[in-house]
Amino acid sequence: MSTGPQYTPTPQTPGPGGGRGTALLTGAIAFAVVFLLIVAITVGYLVVRSSGGSGGASPTSVSNSSTPADPETSEETVEPTAVEEEMCWQPPFERTSSNPSGKLRGGGLEFIPPSTFTGRQDNLFPYFLNDTQVATAPVEESWISTLHVGKVEWQPGVDYPGDEAASERIVDCMFRLTDWGDATGRTLDDEVTEPVTVAGMPGYRTTATVNWQNDPLEKTDATRVTVVVVDTDEGPSAFISEIAVGVTEHEEGAEEAFSSLTGLSG
(Lines give C-alpha, C1' and ligand atoms only; values in the text may rest on other atoms or scores of the structure.)
Protein backbone atom coordinates (compact mmCIF):
# COMPACT_ATOMS: atom_id res chain seq x y z
CA MET A 1 0.00 0.00 0.00
CA SER A 2 1.29 3.42 -0.93
CA THR A 3 1.54 6.19 1.69
CA GLY A 4 1.79 9.21 -0.74
CA PRO A 5 -0.57 12.31 -1.20
CA GLN A 6 -4.35 11.54 -1.31
CA TYR A 7 -6.68 12.68 -4.22
CA THR A 8 -10.13 14.13 -3.25
CA PRO A 9 -12.81 14.12 -6.05
CA THR A 10 -14.93 17.29 -6.69
CA PRO A 11 -18.62 16.87 -5.74
CA GLN A 12 -21.06 16.99 -8.74
CA THR A 13 -24.71 18.07 -8.68
CA PRO A 14 -27.02 15.64 -10.44
CA GLY A 15 -28.94 17.06 -13.47
CA PRO A 16 -32.68 16.85 -14.00
CA GLY A 17 -34.03 13.24 -13.78
CA GLY A 18 -30.68 11.94 -12.70
CA GLY A 19 -32.08 9.48 -10.08
CA ARG A 20 -34.55 7.71 -12.41
CA GLY A 21 -31.99 7.34 -15.21
CA THR A 22 -29.63 5.65 -12.83
CA ALA A 23 -32.32 3.20 -11.79
CA LEU A 24 -33.21 2.38 -15.37
CA LEU A 25 -29.59 1.89 -16.24
CA THR A 26 -29.10 -0.40 -13.28
CA GLY A 27 -32.14 -2.48 -14.28
CA ALA A 28 -30.94 -2.76 -17.85
CA ILE A 29 -27.55 -3.97 -16.73
CA ALA A 30 -29.11 -6.57 -14.43
CA PHE A 31 -31.37 -7.82 -17.22
CA ALA A 32 -28.42 -8.12 -19.56
CA VAL A 33 -26.47 -10.12 -17.01
CA VAL A 34 -29.36 -12.50 -16.44
CA PHE A 35 -29.87 -12.88 -20.19
CA LEU A 36 -26.25 -13.71 -20.77
CA LEU A 37 -26.34 -16.29 -17.99
CA ILE A 38 -29.39 -17.96 -19.58
CA VAL A 39 -27.69 -18.00 -22.98
CA ALA A 40 -24.50 -19.43 -21.49
CA ILE A 41 -26.41 -22.18 -19.67
CA THR A 42 -28.38 -23.04 -22.83
CA VAL A 43 -25.25 -23.20 -24.99
CA GLY A 44 -23.46 -25.34 -22.40
CA TYR A 45 -26.38 -27.77 -22.27
CA LEU A 46 -26.46 -28.11 -26.05
CA VAL A 47 -22.70 -28.72 -26.12
CA VAL A 48 -23.03 -31.43 -23.48
CA ARG A 49 -25.83 -33.16 -25.42
CA SER A 50 -23.90 -33.04 -28.64
CA SER A 51 -20.90 -34.75 -26.94
CA GLY A 52 -22.88 -37.73 -25.59
CA GLY A 53 -25.90 -36.52 -23.70
CA SER A 54 -25.12 -38.23 -20.42
CA GLY A 55 -21.85 -36.49 -19.86
CA GLY A 56 -19.93 -39.78 -20.07
CA ALA A 57 -17.00 -40.29 -22.34
CA SER A 58 -17.70 -41.63 -25.80
CA PRO A 59 -16.67 -45.26 -26.38
CA THR A 60 -13.21 -45.34 -27.84
CA SER A 61 -11.96 -48.05 -30.19
CA VAL A 62 -8.51 -49.14 -29.06
CA SER A 63 -6.27 -50.77 -31.65
CA ASN A 64 -3.78 -53.27 -30.31
CA SER A 65 -0.76 -53.20 -32.56
CA SER A 66 0.60 -56.38 -30.97
CA THR A 67 -1.54 -59.10 -32.58
CA PRO A 68 -1.15 -62.56 -31.02
CA ALA A 69 0.80 -64.84 -33.35
CA ASP A 70 -0.73 -67.94 -34.81
CA PRO A 71 0.80 -70.86 -32.86
CA GLU A 72 0.90 -72.99 -36.00
CA THR A 73 3.00 -70.42 -37.84
CA SER A 74 5.00 -68.84 -35.03
CA GLU A 75 6.40 -72.01 -33.45
CA GLU A 76 9.71 -73.09 -34.87
CA THR A 77 9.66 -76.44 -36.60
CA VAL A 78 12.20 -78.65 -34.88
CA GLU A 79 13.71 -81.07 -37.35
CA PRO A 80 14.93 -84.38 -35.91
CA THR A 81 18.67 -84.71 -35.85
CA ALA A 82 19.79 -86.80 -38.79
CA VAL A 83 21.61 -90.00 -37.86
CA GLU A 84 24.82 -90.63 -39.72
CA GLU A 85 24.57 -94.20 -40.95
CA GLU A 86 27.56 -96.43 -40.26
CA MET A 87 28.52 -98.87 -42.97
CA CYS A 88 29.14 -101.63 -40.44
CA TRP A 89 27.37 -100.77 -37.20
CA GLN A 90 28.12 -102.71 -34.01
CA PRO A 91 25.35 -102.98 -31.38
CA PRO A 92 26.23 -103.27 -27.69
CA PHE A 93 26.30 -107.01 -27.13
CA GLU A 94 23.54 -108.51 -25.03
CA ARG A 95 22.77 -112.18 -24.61
CA THR A 96 19.00 -112.61 -24.17
CA SER A 97 18.47 -116.23 -25.26
CA SER A 98 19.26 -119.54 -23.62
CA ASN A 99 20.40 -122.54 -25.62
CA PRO A 100 18.04 -125.52 -25.59
CA SER A 101 19.57 -128.93 -25.08
CA GLY A 102 21.79 -129.93 -28.02
CA LYS A 103 21.22 -126.69 -29.95
CA LEU A 104 22.58 -123.17 -30.30
CA ARG A 105 20.02 -120.37 -30.27
CA GLY A 106 20.16 -116.70 -31.20
CA GLY A 107 17.33 -114.32 -32.01
CA GLY A 108 14.50 -116.33 -33.54
CA LEU A 109 16.64 -119.19 -34.91
CA GLU A 110 18.39 -122.28 -33.58
CA PHE A 111 20.46 -125.09 -35.13
CA ILE A 112 22.19 -128.33 -34.18
CA PRO A 113 25.98 -127.83 -34.19
CA PRO A 114 27.82 -130.55 -36.17
CA SER A 115 30.17 -132.85 -34.28
CA THR A 116 33.21 -131.35 -36.03
CA PHE A 117 32.37 -127.87 -34.64
CA THR A 118 33.27 -128.32 -31.00
CA GLY A 119 34.36 -124.79 -30.09
CA ARG A 120 31.90 -122.26 -28.57
CA GLN A 121 32.04 -118.47 -28.60
CA ASP A 122 29.68 -115.52 -28.62
CA ASN A 123 29.89 -112.10 -30.30
CA LEU A 124 32.65 -113.32 -32.63
CA PHE A 125 31.28 -111.30 -35.52
CA PRO A 126 29.54 -108.27 -33.96
CA TYR A 127 28.27 -106.20 -36.90
CA PHE A 128 24.46 -105.96 -37.12
CA LEU A 129 24.18 -109.07 -34.93
CA ASN A 130 23.24 -109.50 -31.29
CA ASP A 131 22.33 -112.34 -28.94
CA THR A 132 24.75 -114.52 -30.94
CA GLN A 133 26.13 -118.02 -30.45
CA VAL A 134 29.02 -119.42 -32.48
CA ALA A 135 30.31 -122.94 -33.10
CA THR A 136 33.92 -123.18 -34.33
CA ALA A 137 36.15 -125.81 -35.91
CA PRO A 138 39.97 -125.50 -36.33
CA VAL A 139 41.50 -125.49 -39.81
CA GLU A 140 45.20 -125.06 -39.04
CA GLU A 141 47.13 -123.03 -36.50
CA SER A 142 44.87 -120.07 -35.59
CA TRP A 143 42.55 -120.41 -38.59
CA ILE A 144 38.97 -121.58 -37.96
CA SER A 145 35.66 -122.21 -39.72
CA THR A 146 32.60 -120.79 -37.96
CA LEU A 147 28.81 -121.18 -37.72
CA HIS A 148 26.81 -118.28 -36.23
CA VAL A 149 23.21 -117.71 -35.22
CA GLY A 150 21.79 -114.47 -33.82
CA LYS A 151 19.39 -111.58 -33.91
CA VAL A 152 19.74 -109.00 -36.68
CA GLU A 153 19.84 -105.57 -35.05
CA TRP A 154 20.00 -102.41 -37.16
CA GLN A 155 21.44 -99.03 -36.21
CA PRO A 156 18.94 -96.89 -34.23
CA GLY A 157 17.54 -94.04 -36.32
CA VAL A 158 18.26 -95.87 -39.58
CA ASP A 159 15.46 -97.73 -41.34
CA TYR A 160 15.92 -101.48 -41.58
CA PRO A 161 16.51 -102.14 -45.30
CA GLY A 162 14.83 -105.56 -45.38
CA ASP A 163 16.13 -109.10 -45.19
CA GLU A 164 17.64 -109.18 -48.68
CA ALA A 165 19.69 -105.99 -48.28
CA ALA A 166 20.63 -107.00 -44.73
CA SER A 167 22.11 -110.31 -45.90
CA GLU A 168 24.18 -108.49 -48.53
CA ARG A 169 25.39 -105.82 -46.08
CA ILE A 170 26.51 -108.42 -43.54
CA VAL A 171 28.49 -110.31 -46.21
CA ASP A 172 30.15 -107.07 -47.23
CA CYS A 173 31.06 -106.24 -43.63
CA MET A 174 32.49 -109.72 -43.10
CA PHE A 175 34.68 -109.26 -46.18
CA ARG A 176 35.84 -105.82 -45.04
CA LEU A 177 36.30 -106.34 -41.31
CA THR A 178 36.87 -109.98 -40.48
CA ASP A 179 40.35 -110.70 -39.15
CA TRP A 180 41.97 -112.54 -42.02
CA GLY A 181 45.32 -112.86 -40.29
CA ASP A 182 48.32 -112.86 -42.61
CA ALA A 183 46.23 -113.51 -45.75
CA THR A 184 46.54 -110.54 -48.11
CA GLY A 185 45.23 -109.36 -51.45
CA ARG A 186 41.66 -110.55 -50.79
CA THR A 187 38.78 -110.29 -53.26
CA LEU A 188 35.05 -110.96 -52.89
CA ASP A 189 33.93 -113.19 -55.75
CA ASP A 190 30.88 -115.10 -57.02
CA GLU A 191 28.39 -113.18 -54.83
CA VAL A 192 24.79 -114.40 -55.23
CA THR A 193 21.60 -113.45 -53.35
CA GLU A 194 18.48 -115.60 -53.56
CA PRO A 195 15.22 -116.11 -51.65
CA VAL A 196 15.01 -119.08 -49.28
CA THR A 197 12.51 -120.60 -46.90
CA VAL A 198 13.57 -121.87 -43.48
CA ALA A 199 11.03 -123.97 -41.59
CA GLY A 200 8.23 -122.13 -43.40
CA MET A 201 9.76 -118.70 -42.72
CA PRO A 202 10.78 -116.50 -45.69
CA GLY A 203 14.26 -115.09 -46.00
CA TYR A 204 17.24 -114.37 -48.23
CA ARG A 205 20.62 -116.05 -48.57
CA THR A 206 23.72 -114.29 -49.85
CA THR A 207 26.80 -116.36 -50.63
CA ALA A 208 30.27 -115.28 -51.79
CA THR A 209 33.87 -116.49 -51.79
CA VAL A 210 36.77 -114.58 -50.24
CA ASN A 211 39.97 -115.35 -52.16
CA TRP A 212 43.53 -114.25 -51.32
CA GLN A 213 46.53 -113.64 -53.46
CA ASN A 214 48.90 -114.54 -50.62
CA ASP A 215 48.34 -116.60 -47.48
CA PRO A 216 50.35 -118.86 -45.15
CA LEU A 217 47.74 -121.68 -45.22
CA GLU A 218 48.18 -125.17 -46.59
CA LYS A 219 44.64 -126.62 -46.41
CA THR A 220 42.80 -123.69 -48.02
CA ASP A 221 43.24 -120.55 -50.04
CA ALA A 222 39.69 -119.19 -49.71
CA THR A 223 36.67 -118.94 -47.40
CA ARG A 224 33.07 -119.51 -48.40
CA VAL A 225 30.76 -116.98 -46.67
CA THR A 226 27.00 -117.58 -46.39
CA VAL A 227 24.55 -115.23 -44.68
CA VAL A 228 20.89 -116.25 -44.33
CA VAL A 229 18.50 -113.60 -42.93
CA VAL A 230 15.08 -114.93 -41.98
CA ASP A 231 11.88 -113.16 -40.99
CA THR A 232 11.06 -114.96 -37.73
CA ASP A 233 8.35 -114.37 -35.13
CA GLU A 234 11.05 -112.74 -32.97
CA GLY A 235 12.13 -110.41 -35.77
CA PRO A 236 14.86 -110.72 -38.43
CA SER A 237 17.46 -113.30 -37.43
CA ALA A 238 20.55 -114.65 -39.17
CA PHE A 239 22.44 -117.88 -39.72
CA ILE A 240 26.02 -117.34 -40.92
CA SER A 241 28.66 -119.81 -42.03
CA GLU A 242 32.29 -118.97 -42.77
CA ILE A 243 33.90 -122.15 -44.06
CA ALA A 244 37.41 -122.95 -45.29
CA VAL A 245 37.06 -123.96 -48.94
CA GLY A 246 38.50 -127.43 -49.56
CA VAL A 247 38.12 -128.67 -45.97
CA THR A 248 35.47 -131.29 -46.64
CA GLU A 249 34.32 -132.02 -43.08
CA HIS A 250 33.70 -128.29 -42.51
CA GLU A 251 31.80 -127.87 -45.77
CA GLU A 252 29.63 -130.88 -44.95
CA GLY A 253 29.15 -129.65 -41.39
CA ALA A 254 27.86 -126.28 -42.66
CA GLU A 255 25.31 -128.06 -44.85
CA GLU A 256 24.15 -130.15 -41.88
CA ALA A 257 23.79 -127.07 -39.69
CA PHE A 258 21.71 -125.23 -42.29
CA SER A 259 19.50 -128.29 -42.77
CA SER A 260 18.83 -128.37 -39.00
CA LEU A 261 17.96 -124.65 -38.85
CA THR A 262 14.50 -123.93 -37.38
CA GLY A 263 12.56 -121.35 -35.45
CA LEU A 264 12.45 -121.53 -31.68
CA SER A 265 11.50 -124.95 -30.36
CA GLY A 266 10.17 -123.69 -27.04
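1. The disulfide formed by Cys88 and Cys173 is left-handed, because the torsion about its S-S bond is about -100 degrees. A disulfide here is a pair of cysteine sulfur atoms within 2.5 Å. This pair has an S to S distance of 2.0 Å, and the structure holds one disulfide.

2. The model is predicted: local features need pLDDT of at least 70, side-chain atom pairs count only at pLDDT 80 or more, and totals for chains, interfaces and linings use all residues. Residues are numbered from 1 along each chain as its sequence is written, and side-chain values use heavy atoms, with hydrogens and water left out.

3. Helices (H or I, at least four residues) and strands (E, at least two) are DSSP runs, numbered from the N terminus.

4. Cys88 is buried, with a relative accessible area of 13%, and Cys173 is buried at 0%. Buried means under 20% relative accessible area, exposed over 50%, and partly exposed in between (1.4 Å probe, protein chains only).

5. Which strand gives the most residues to the lining of the largest pocket? Strand S5 (residues 143-152) does, with four residues. By class, this lining has nine nonpolar, six polar and five charged residues. Ala, Val, Leu, Ile, Met, Phe, Trp, Tyr, Cys and Pro count as nonpolar, Asp, Glu, Lys and Arg as charged, and the others, Gly among them, as polar.
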